[in-house]
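Good morning, colleagues. Please bring up the sequence and the coordinates, and I shall go through the model with you.

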Amino acid sequence: MRRVKAFLRASIAPTLFLALVGYFGWNATQGERGLQFYAVRERQLVAVQAELKRVEQERDVLERRLSGLRTQRLNPDTLDQQSRAMLGVAEPSDVVLMYGPARKLF
């Protein structure tokens, strides 16, 4: 019986140590900040950066279109052309060229 008690006492420290190593090892690979989560975050980062680039390009297009409407450089002909194109209105003397739906003017 003494040998069993001595064996159990001697095995408590290594068992606790192995449990702690197992716990931290599992968290290093599977946990919230582990290696698998890191790979998921990297893929999300790439997707978000692509979305950011697309939105910045869209913003640049809109800024270019808006710059023609600023009061310092407002061209009445451009304003009239743009408003007629958006409303689908033309005067009887206008020549109208119809484009397909895939082609944009601006």
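In which helix do R54 and E58 both lie, and how many residues apart are they? Both residues are in helix α2, four residues apart, or about one turn of the helix.

The model is predicted: local features need a pLDDT of at least 70 and side-chain atom pairs count only at pLDDT 80 or more, while totals for chains, interfaces and linings use all residues. Residues are numbered from 1 along each chain as its sequence is written, and side-chain values use heavy atoms, with hydrogens and water left out.

As for confidence, pLDDT is the predictor's own confidence in each residue, from 0 to 100. The chain has a mean of 83, and 85% of its residues reach 70 or more. Helix α2, residues 35-67, has the highest confidence, at 91, and helix α3, residues 76-87, the lowest, at a mean of 77. Where pLDDT is low, the predicted coordinates should not be read in detail.

Turning to the overall layout, the chain has three helices and zero strands, in the pattern α-α-α along the sequence. Helices (H or I, at least four residues) and strands (E, at least two) are DSSP runs, numbered from the N terminus. Of the 106 residues, 3% count as buried; buried means under 20% relative accessible area, exposed over 50%, and partly exposed in between, with a 1.4 Å probe and protein chains only. The chain exposes about 10200 Å², of which carbon and sulfur atoms supply 62%. These areas come from the Shrake-Rupley method with a 1.4 Å probe; for residues, only the protein chains shown count as cover.

Let me now return to the salt bridges. The criterion is a side-chain nitrogen of Lys or Arg within 4 Å of a carboxyl oxygen of Asp or Glu, and by this rule the count comes to four. R54 takes part in a bridge with E51, with the closest N and O atoms 2.7 Å apart. R54 and E51 are separated by about one helical turn because they are three residues apart in helix α2. An α-helix has 3.6 residues a turn, so residues three or four places apart point the same way. R54 has a relative accessible area of 41% and is therefore partly exposed; E51, at 39%, is partly exposed, and so is E58, at 44%. A further bridge joins D60 to R59, with the closest N and O atoms 3.6 Å apart.

Next, helix α1. This helix, residues 2-30, has 29 residues and reaches 41 Å from its first C-alpha to its last, close to the 42 Å expected; the expected span is 1.5 Å times one less than the number of residues. Helix α1 bends by about 35° at I12, and a proline, P14, follows within four residues. The bend is the angle between axes fitted to the seven residues ending at a position and the seven starting there.

V4 is found in helix α1 and, at 46% relative accessibility, counts as partly exposed. Together with M1, F7 and L8, V4 forms a nonpolar patch on the surface, with about 480 Å² of accessible area in total.

G88, with a positive phi near 75°, follows α3.

Conventions:
Patch = residues over 30% accessible without salt bridge, like charges linked within 9 Å, V, L, I, M, F, W, Y side chains within 5 Å.
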